[in-house]
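Here are some notes on the model, for reading beside the coordinates.

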Amino acid sequence: QVQLVESGGGLVQPGGSLRLSCAASGFTLDYYYIGWFRQAPGKEREGVSCISPSDGNIYYADSVKGRFTISGDNAQKTVYLQINNLQPEDTAIYYCAKAPIWSVRPLLPAEYDSWGQGTQVTVSS
């Protein structure tokens, strides 16, 4: 059974940091992208970053470059998203998901076929 479980969200002050985790089970990471997405109230879900654990390909949305870092631990089947210098506009539910390794637009939510339940990130003073 495919499962993706996010953790690590919370309430942080502007300028703070969080590390989100996505624990995967029920499939082999080698054949998939693992992506991180976020959805703020009233907005569409947007891709922020993804990683292909088999070859190390990494993509970031322009809006998060320099502040977000994605990494993977194949042995633990876990993908992390380090978020630094958090700002109020980063407030959203953050989801991880998997897409086939042949996806041509790996930051596009429609490419992904299995999703976690999400973890809330709230940035507020």
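1. Glu6 touches Ser21, Cys22, Trp36, Tyr94, Tyr95, Cys96, Gly116, Gln117, Gly118 and Thr119, leaving aside residues up to four places away in sequence. This is a predicted model, and the distances below should be read as such.

2. Glu6 is buried but has no salt bridge. The nearest side chain of opposite charge belongs to Arg45, 7.5 Å away, whereas a salt bridge would need the charged atoms within 4 Å.

3. What lies by the polar atoms of the Glu6 side chain, then? The backbone nitrogen of Gln117 is 3.0 Å from a polar atom of that side chain, and the backbone nitrogen of Gly118 is 2.9 Å from a polar atom of the Glu6 side chain. Gln117 and Gly118 are also among the residues that Glu6 touches.

4. Glu6 sits in strand S1, which covers residues 3–7. S1 belongs to an open sheet of four strands, ordered S1-S3-S8-S7, with antiparallel pairing. S1 and S7 (68–73) are at the edges and have a single partner strand each, so one side of each has no neighbour in the sheet. From one strand to the next the twist averages 15°.

5. At the other end of that order, S7 pairs with S8 (residues 78–83) in the antiparallel sense, over six bridges. Ile70 stands opposite Leu81 in S8. In general, strands of a sheet pair through backbone hydrogen bonds.

Terms used:
Residues numbered from 1 in each chain as written. Predicted model: local features only at pLDDT ≥ 70, side-chain atom pairs only at ≥ 80, totals over all residues. Heavy atoms only, no water. Helix = DSSP H or I, 4+ residues; strand = E, 2+ residues; numbered from the N terminus. Buried < 20%, exposed > 50% of the residue type's maximum accessible area, 1.4 Å probe, protein only. Lys, Arg positive; Asp, Glu negative; His and termini not counted. Polar contact = N/O pair within 3.5 Å; in protein donor to acceptor, adjacent residues only side chain to side chain. Contact = heavy atoms within 4.5 Å. Pairing = 2+ DSSP bridges. Axes fitted to C-alpha atoms, helices over the stretch in contact; angles between N-to-C directions.
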